[in-house]
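User: Hi! I'm new to reading protein structures. Could you walk me through this one?

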Amino acid sequence: MEHHKNFSLKDYNTFGIDVSAKAFVSVSSVEELKEVLQQVYAHELFVLGGGSNILLLKNIDQTILHINLKGRVLEREDENYAYVRAQAGENWHEFVRWCIAHNFGGLENLSLIPGNVGTSPIQNIGAYGVELKDSFVSCEAIHKQTLQTKIFTKEECHFGYRNSTFKNENKDKFIITSVLFRLTKKQHQLHTGYGAILAELEKENVDNPSIEDVSDAVIAIRQSKLPNPKELGNSGSFFKNPIIPKLAFDKLVEKFPEMPSYPVSTNEIKIPAGWLIEKTGFKGCRREDAGVHKNQALVLVNYGKATGEDIYRLAQEIQKKIWDVFDIHLEMEVNVIK
(Lines give C-alpha, C1' and ligand atoms only; values in the text may rest on other atoms or scores of the structure.)
Protein backbone atom coordinates (compact mmCIF):
# COMPACT_ATOMS: atom_id res chain seq x y z
CA MET A 1 0.00 0.00 0.00
CA GLU A 2 1.25 3.47 -0.89
CA HIS A 3 0.42 6.66 1.09
CA HIS A 4 1.08 10.34 0.27
CA LYS A 5 -0.08 13.75 1.51
CA ASN A 6 -0.74 16.85 -0.63
CA PHE A 7 -0.23 14.73 -3.72
CA SER A 8 -0.12 16.08 -7.30
CA LEU A 9 -2.56 14.38 -9.65
CA LYS A 10 -0.94 15.70 -12.83
CA ASP A 11 0.32 12.23 -13.80
CA TYR A 12 -2.91 10.53 -12.73
CA ASN A 13 -5.36 12.14 -15.15
CA THR A 14 -4.94 11.93 -18.92
CA PHE A 15 -5.74 15.63 -19.38
CA GLY A 16 -2.59 16.36 -17.35
CA ILE A 17 -4.44 18.88 -15.17
CA ASP A 18 -2.14 20.00 -12.36
CA VAL A 19 -4.31 19.78 -9.27
CA SER A 20 -3.55 18.16 -5.94
CA ALA A 21 -5.30 15.87 -3.48
CA LYS A 22 -5.35 16.15 0.29
CA ALA A 23 -4.08 12.59 0.49
CA PHE A 24 -3.39 9.70 -1.88
CA VAL A 25 -3.42 5.97 -1.22
CA SER A 26 -2.84 3.25 -3.80
CA VAL A 27 -4.08 -0.29 -3.14
CA SER A 28 -2.85 -3.44 -4.87
CA SER A 29 -5.17 -6.06 -3.39
CA VAL A 30 -8.76 -6.48 -2.25
CA GLU A 31 -7.49 -6.88 1.31
CA GLU A 32 -5.72 -3.50 1.15
CA LEU A 33 -8.85 -1.97 -0.37
CA LYS A 34 -11.01 -3.19 2.51
CA GLU A 35 -8.42 -1.98 5.00
CA VAL A 36 -8.58 1.54 3.56
CA LEU A 37 -12.39 1.48 3.50
CA GLN A 38 -12.39 0.50 7.18
CA GLN A 39 -10.02 3.33 8.08
CA VAL A 40 -11.51 6.12 5.97
CA TYR A 41 -15.20 6.99 5.72
CA ALA A 42 -16.45 6.16 2.25
CA HIS A 43 -17.70 9.71 1.61
CA GLU A 44 -14.18 11.01 2.25
CA LEU A 45 -12.74 8.88 -0.56
CA PHE A 46 -12.38 9.80 -4.21
CA VAL A 47 -11.94 6.60 -6.22
CA LEU A 48 -9.50 6.85 -9.13
CA GLY A 49 -8.66 4.27 -11.75
CA GLY A 50 -6.77 5.18 -14.91
CA GLY A 51 -7.85 8.83 -14.78
CA SER A 52 -8.92 8.67 -18.42
CA ASN A 53 -12.48 9.88 -18.19
CA ILE A 54 -12.36 12.77 -15.74
CA LEU A 55 -11.86 16.52 -15.92
CA LEU A 56 -10.61 17.97 -12.65
CA LEU A 57 -11.64 21.59 -12.07
CA LYS A 58 -10.06 22.08 -8.66
CA ASN A 59 -7.94 20.53 -5.92
CA ILE A 60 -9.52 17.44 -4.33
CA ASP A 61 -10.18 17.91 -0.61
CA GLN A 62 -10.50 14.16 -0.15
CA THR A 63 -8.32 11.10 0.02
CA ILE A 64 -7.69 9.73 -3.46
CA LEU A 65 -8.09 5.96 -3.53
CA HIS A 66 -6.11 4.66 -6.49
CA ILE A 67 -7.18 1.18 -7.62
CA ASN A 68 -4.02 -0.65 -8.67
CA LEU A 69 -5.19 -4.28 -8.60
CA LYS A 70 -3.30 -6.31 -11.23
CA GLY A 71 -3.80 -9.70 -12.84
CA ARG A 72 -5.46 -11.41 -15.81
CA VAL A 73 -6.25 -15.09 -15.95
CA LEU A 74 -8.12 -17.67 -18.01
CA GLU A 75 -10.71 -18.70 -15.44
CA ARG A 76 -12.37 -21.45 -17.48
CA GLU A 77 -13.04 -22.45 -21.06
CA ASP A 78 -15.14 -24.70 -23.22
CA GLU A 79 -14.94 -25.68 -26.87
CA ASN A 80 -15.97 -22.26 -28.17
CA TYR A 81 -15.36 -19.70 -25.44
CA ALA A 82 -12.69 -18.52 -23.03
CA TYR A 83 -13.79 -16.91 -19.77
CA VAL A 84 -11.11 -14.40 -18.85
CA ARG A 85 -10.95 -12.36 -15.64
CA ALA A 86 -8.99 -9.12 -15.42
CA GLN A 87 -8.34 -7.14 -12.25
CA ALA A 88 -9.54 -3.55 -12.08
CA GLY A 89 -6.10 -1.92 -12.24
CA GLU A 90 -5.11 -3.56 -15.51
CA ASN A 91 -4.53 -1.13 -18.38
CA TRP A 92 -7.41 -1.65 -20.81
CA HIS A 93 -5.43 -1.62 -24.06
CA GLU A 94 -2.73 -3.91 -22.68
CA PHE A 95 -5.45 -6.33 -21.60
CA VAL A 96 -7.05 -6.27 -25.07
CA ARG A 97 -3.71 -7.03 -26.72
CA TRP A 98 -3.07 -9.84 -24.21
CA CYS A 99 -6.41 -11.39 -25.20
CA ILE A 100 -5.54 -11.11 -28.89
CA ALA A 101 -2.13 -12.74 -28.28
CA HIS A 102 -4.03 -15.70 -26.82
CA ASN A 103 -6.46 -15.71 -29.79
CA PHE A 104 -9.39 -14.65 -27.60
CA GLY A 105 -11.76 -12.59 -29.73
CA GLY A 106 -14.38 -9.96 -29.01
CA LEU A 107 -12.47 -6.94 -27.73
CA GLU A 108 -10.34 -6.11 -30.78
CA ASN A 109 -12.51 -3.16 -31.84
CA LEU A 110 -11.94 -1.64 -28.40
CA SER A 111 -8.17 -1.41 -28.86
CA LEU A 112 -6.35 1.72 -27.69
CA ILE A 113 -9.23 3.03 -25.56
CA PRO A 114 -7.58 4.82 -22.62
CA GLY A 115 -8.22 3.78 -19.04
CA ASN A 116 -8.30 0.68 -16.88
CA VAL A 117 -10.43 -2.46 -16.83
CA GLY A 118 -12.21 -1.50 -13.60
CA THR A 119 -13.82 1.60 -15.06
CA SER A 120 -14.82 -0.01 -18.36
CA PRO A 121 -18.25 -1.27 -17.17
CA ILE A 122 -19.14 2.09 -15.63
CA GLN A 123 -19.09 3.74 -19.06
CA ASN A 124 -19.95 0.61 -21.05
CA ILE A 125 -17.06 1.67 -23.24
CA GLY A 126 -17.49 1.22 -26.97
CA ALA A 127 -15.97 1.91 -30.36
CA TYR A 128 -16.40 0.92 -34.00
CA GLY A 129 -19.70 -0.90 -33.56
CA VAL A 130 -18.74 -2.86 -30.42
CA GLU A 131 -19.49 -2.23 -26.76
CA LEU A 132 -18.11 -3.74 -23.58
CA LYS A 133 -21.47 -5.36 -22.82
CA ASP A 134 -21.11 -7.60 -25.90
CA SER A 135 -18.40 -9.67 -24.14
CA PHE A 136 -19.20 -8.87 -20.51
CA VAL A 137 -20.26 -11.69 -18.17
CA SER A 138 -20.06 -10.14 -14.70
CA CYS A 139 -17.96 -8.00 -12.41
CA GLU A 140 -17.04 -8.23 -8.76
CA ALA A 141 -17.40 -5.11 -6.64
CA ILE A 142 -16.94 -4.11 -3.01
CA HIS A 143 -19.69 -2.10 -1.30
CA LYS A 144 -18.00 0.99 0.11
CA GLN A 145 -20.02 0.96 3.34
CA THR A 146 -20.57 -2.72 4.18
CA LEU A 147 -17.35 -4.05 2.57
CA GLN A 148 -19.43 -6.92 1.19
CA THR A 149 -18.52 -8.37 -2.21
CA LYS A 150 -21.27 -8.36 -4.82
CA ILE A 151 -21.23 -9.99 -8.24
CA PHE A 152 -23.07 -7.91 -10.86
CA THR A 153 -24.40 -9.87 -13.82
CA LYS A 154 -24.83 -8.27 -17.22
CA GLU A 155 -28.56 -7.85 -16.56
CA GLU A 156 -27.93 -6.19 -13.20
CA CYS A 157 -25.53 -3.68 -14.79
CA HIS A 158 -28.37 -2.13 -16.86
CA PHE A 159 -26.00 -1.27 -19.68
CA GLY A 160 -26.95 1.52 -22.07
CA TYR A 161 -25.09 3.85 -24.41
CA ARG A 162 -22.08 4.94 -22.30
CA ASN A 163 -24.20 4.13 -19.28
CA SER A 164 -24.69 1.55 -16.53
CA THR A 165 -26.08 1.06 -13.04
CA PHE A 166 -22.77 2.45 -11.72
CA LYS A 167 -23.70 5.87 -13.12
CA ASN A 168 -27.26 5.74 -11.83
CA GLU A 169 -28.84 3.80 -8.96
CA ASN A 170 -25.50 2.40 -7.77
CA LYS A 171 -23.42 5.51 -8.36
CA ASP A 172 -20.59 5.89 -5.80
CA LYS A 173 -21.79 2.83 -3.84
CA PHE A 174 -19.40 0.18 -5.16
CA ILE A 175 -15.77 -0.20 -6.21
CA ILE A 176 -15.27 -2.66 -9.06
CA THR A 177 -12.37 -5.02 -8.36
CA SER A 178 -12.44 -7.36 -11.37
CA VAL A 179 -14.35 -8.06 -14.59
CA LEU A 180 -15.13 -11.40 -16.25
CA PHE A 181 -15.39 -11.61 -20.05
CA ARG A 182 -16.61 -14.33 -22.41
CA LEU A 183 -14.39 -14.31 -25.49
CA THR A 184 -14.41 -16.44 -28.63
CA LYS A 185 -11.73 -19.07 -29.27
CA LYS A 186 -12.69 -19.78 -32.87
CA GLN A 187 -15.09 -18.57 -35.54
CA HIS A 188 -14.52 -15.02 -34.32
CA GLN A 189 -17.31 -12.59 -35.16
CA LEU A 190 -15.42 -9.73 -36.78
CA HIS A 191 -16.98 -6.26 -36.87
CA THR A 192 -15.34 -4.48 -39.77
CA GLY A 193 -18.24 -2.53 -41.23
CA TYR A 194 -18.06 0.46 -38.91
CA GLY A 195 -15.97 3.55 -39.57
CA ALA A 196 -12.84 3.17 -41.66
CA ILE A 197 -11.84 -0.36 -40.60
CA LEU A 198 -12.48 -1.95 -44.01
CA ALA A 199 -10.62 0.84 -45.78
CA GLU A 200 -7.66 0.44 -43.43
CA LEU A 201 -7.59 -3.34 -44.01
CA GLU A 202 -7.71 -2.81 -47.78
CA LYS A 203 -4.87 -0.31 -47.51
CA GLU A 204 -2.81 -2.99 -45.78
CA ASN A 205 -3.87 -5.59 -48.42
CA VAL A 206 -5.59 -7.76 -45.81
CA ASP A 207 -8.26 -9.91 -47.48
CA ASN A 208 -8.96 -12.42 -44.72
CA PRO A 209 -8.49 -10.46 -41.48
CA SER A 210 -7.69 -11.98 -38.11
CA ILE A 211 -8.67 -10.40 -34.80
CA GLU A 212 -5.13 -9.01 -34.64
CA ASP A 213 -5.56 -7.45 -38.08
CA VAL A 214 -8.76 -5.75 -36.92
CA SER A 215 -7.04 -4.53 -33.76
CA ASP A 216 -4.10 -3.19 -35.79
CA ALA A 217 -6.53 -1.38 -38.11
CA VAL A 218 -8.37 0.19 -35.17
CA ILE A 219 -5.06 1.26 -33.61
CA ALA A 220 -3.92 2.84 -36.88
CA ILE A 221 -7.22 4.72 -37.27
CA ARG A 222 -7.23 5.95 -33.69
CA GLN A 223 -3.59 7.03 -33.83
CA SER A 224 -4.27 8.99 -37.01
CA LYS A 225 -7.13 10.87 -35.36
CA LEU A 226 -6.50 10.84 -31.63
CA PRO A 227 -3.52 12.38 -29.84
CA ASN A 228 -1.49 10.31 -27.40
CA PRO A 229 -2.41 11.56 -23.88
CA LYS A 230 1.25 11.25 -22.89
CA GLU A 231 2.11 13.81 -25.56
CA LEU A 232 -1.03 15.98 -25.60
CA GLY A 233 -3.43 15.91 -22.66
CA ASN A 234 -6.88 14.58 -23.56
CA SER A 235 -9.54 12.12 -22.50
CA GLY A 236 -10.53 10.68 -25.84
CA SER A 237 -14.11 11.42 -26.85
CA PHE A 238 -15.29 14.33 -24.73
CA PHE A 239 -18.96 14.26 -25.80
CA LYS A 240 -21.50 11.51 -26.38
CA ASN A 241 -23.01 11.08 -29.81
CA PRO A 242 -26.52 12.50 -29.36
CA ILE A 243 -29.56 10.32 -30.01
CA ILE A 244 -32.57 12.31 -31.22
CA PRO A 245 -36.16 11.49 -32.26
CA LYS A 246 -36.53 10.59 -35.93
CA LEU A 247 -39.03 13.41 -36.40
CA ALA A 248 -36.44 15.94 -35.19
CA PHE A 249 -33.83 14.38 -37.48
CA ASP A 250 -36.16 14.56 -40.49
CA LYS A 251 -36.51 18.30 -39.94
CA LEU A 252 -32.77 18.80 -39.49
CA VAL A 253 -31.84 16.83 -42.59
CA GLU A 254 -33.97 19.16 -44.68
CA LYS A 255 -31.68 21.99 -43.62
CA PHE A 256 -28.49 19.91 -43.46
CA PRO A 257 -28.88 17.16 -46.10
CA GLU A 258 -25.25 16.08 -45.65
CA MET A 259 -25.76 15.26 -41.94
CA PRO A 260 -24.51 11.72 -41.21
CA SER A 261 -26.69 9.48 -39.10
CA TYR A 262 -27.10 5.97 -37.69
CA PRO A 263 -30.51 4.47 -36.88
CA VAL A 264 -30.79 3.32 -33.26
CA SER A 265 -34.43 2.21 -33.44
CA THR A 266 -37.46 2.92 -35.59
CA ASN A 267 -37.96 6.18 -33.69
CA GLU A 268 -34.41 7.28 -32.82
CA ILE A 269 -31.36 8.41 -34.78
CA LYS A 270 -27.76 8.80 -33.59
CA ILE A 271 -25.83 11.82 -34.90
CA PRO A 272 -21.99 11.89 -34.77
CA ALA A 273 -21.07 14.59 -32.26
CA GLY A 274 -17.76 15.17 -34.05
CA TRP A 275 -19.61 16.20 -37.22
CA LEU A 276 -21.78 18.67 -35.29
CA ILE A 277 -18.70 20.22 -33.67
CA GLU A 278 -16.81 20.42 -36.95
CA LYS A 279 -19.84 21.86 -38.76
CA THR A 280 -20.01 24.72 -36.25
CA GLY A 281 -16.36 25.62 -36.81
CA PHE A 282 -14.72 24.34 -33.63
CA LYS A 283 -12.41 21.71 -35.14
CA GLY A 284 -8.84 22.83 -34.48
CA CYS A 285 -9.90 25.89 -32.50
CA ARG A 286 -7.87 27.01 -29.49
CA ARG A 287 -8.63 29.11 -26.43
CA GLU A 288 -5.12 29.71 -25.03
CA ASP A 289 -4.01 26.20 -23.94
CA ALA A 290 -7.47 24.59 -24.19
CA GLY A 291 -8.49 23.42 -27.64
CA VAL A 292 -10.29 21.06 -29.99
CA HIS A 293 -7.99 18.64 -31.76
CA LYS A 294 -7.21 19.41 -35.39
CA ASN A 295 -7.83 15.83 -36.57
CA GLN A 296 -10.82 14.85 -34.42
CA ALA A 297 -13.40 17.40 -33.34
CA LEU A 298 -14.72 15.08 -30.63
CA VAL A 299 -11.48 15.40 -28.66
CA LEU A 300 -10.74 18.35 -26.40
CA VAL A 301 -7.06 18.82 -25.57
CA ASN A 302 -4.72 20.47 -23.11
CA TYR A 303 -1.82 22.09 -24.96
CA GLY A 304 0.18 22.32 -21.77
CA LYS A 305 -1.02 24.74 -19.13
CA ALA A 306 -4.81 24.66 -19.47
CA THR A 307 -6.77 24.34 -16.26
CA GLY A 308 -9.80 22.14 -15.90
CA GLU A 309 -11.89 25.31 -15.89
CA ASP A 310 -10.38 26.39 -19.22
CA ILE A 311 -11.36 23.10 -20.88
CA TYR A 312 -14.79 23.12 -19.22
CA ARG A 313 -15.53 26.63 -20.50
CA LEU A 314 -14.64 25.56 -24.02
CA ALA A 315 -16.89 22.52 -23.69
CA GLN A 316 -19.78 24.73 -22.56
CA GLU A 317 -19.15 27.09 -25.48
CA ILE A 318 -19.41 24.14 -27.86
CA GLN A 319 -22.60 22.91 -26.18
CA LYS A 320 -24.24 26.31 -26.53
CA LYS A 321 -23.34 26.62 -30.20
CA ILE A 322 -24.65 23.14 -31.02
CA TRP A 323 -27.90 23.97 -29.24
CA ASP A 324 -28.24 27.30 -31.05
CA VAL A 325 -27.58 25.81 -34.50
CA PHE A 326 -29.11 22.34 -34.31
CA ASP A 327 -31.37 22.44 -31.24
CA ILE A 328 -29.45 19.40 -29.97
CA HIS A 329 -28.11 19.05 -26.44
CA LEU A 330 -24.57 17.67 -26.53
CA GLU A 331 -23.94 15.65 -23.38
CA MET A 332 -20.44 15.38 -21.94
CA GLU A 333 -19.07 11.85 -21.78
CA VAL A 334 -16.23 12.91 -19.48
CA ASN A 335 -16.99 13.11 -15.75
CA VAL A 336 -16.48 16.71 -14.64
CA ILE A 337 -15.26 16.96 -11.03
CA LYS A 338 -16.28 20.41 -9.78
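Predicted model: local features only at pLDDT ≥ 70, side-chain atom pairs only at ≥ 80, totals over all residues.

User: Does the radius of gyration of the chain agree or disagree with that of a compact globule, and what is its value?

Analyst: A compact globule with 338 residues would have a radius of gyration near 20 Å. The two agree, because the chain has a radius of gyration of 20 Å.

User: How many helices and strands does the chain have, and what percentage of its residues are buried?

Analyst: The secondary structure comes to nine helices and 20 strands. Of the 338 residues in the chain, the buried part is 51%.

User: Which strands are at the edges of the open sheet formed by four strands?

Analyst: Reading across this open sheet, the order is E1-E2-E5-E3, with mixed pairing. From one strand to the next, the twist averages 30°. An edge strand pairs on one side only, and that describes strand E1 (2-8) and strand E3 (45-48).

User: What is the bridge partner of Ala-23 in E5?

Analyst: Start with the two strands: E2 (residues 20-27) and E5 (residues 60-67) run parallel and are joined by six bridges. Helix H1 (residues 30-39) lies across E2, E3 and E5, at about 140° to E2. Within E5, the partner of Ala-23 is Thr-63.

User: Which element gives the largest share of the largest nonpolar core?

Analyst: This core has 48 residues, and those with the most contacts inside it are Phe-238, Phe-239 and Ile-318. The elements that give two or more residues to it include E2, E5, helix H7 (246-255) and helix H9 (308-326). The largest share is seven residues, and it comes from H9.

User: Which residues does Ile-318 touch, not counting residues up to four places away in sequence?

Analyst: Ile-318 is one of the residues with the most contacts inside the largest core. Leaving out residues up to four places away in sequence, it touches Phe-239, Ile-277, Phe-282, Val-292, Leu-300 and Leu-330.

User: How many residues are in the other core that lies apart from it?

Analyst: Among the residues of this other core are Val-96, Ile-125, Phe-152 and Ile-221.

User: Which residue takes a positive phi in the hairpin of E10 and E11?

Analyst: E10 and strand E11 (residues 149-153) run antiparallel and are joined by five bridges, with Ile-142 partnered by Thr-149 in E11. Between the strands of this hairpin there are five residues. The one with a positive phi, near 65°, is Leu-147.

User: Does Glu-131 count as buried or exposed?

Analyst: Glu-131 lies in strand E9 (residues 130-131). Leaving aside neighbours within four places in sequence, its contacts include Leu-110, Ile-125 and Tyr-161. Buried means under 20% relative accessible area. Glu-131 has 18% relative accessibility, so it counts as buried.

Key: Residues numbered from 1 in each chain as written. Heavy atoms only, no water. Pairing = 2+ DSSP bridges. Axes fitted to C-alpha atoms, helices over the stretch in contact; angles between N-to-C directions. Contact = heavy atoms within 4.5 Å. Core = buried A, V, L, I, M, F, W, Y, C linked by side-chain atoms within 4.5 Å. Buried < 20%, exposed > 50% of the residue type's maximum accessible area, 1.4 Å probe, protein only. Rg over C-alpha atoms; globule rule 2.2 N^0.38 Å.
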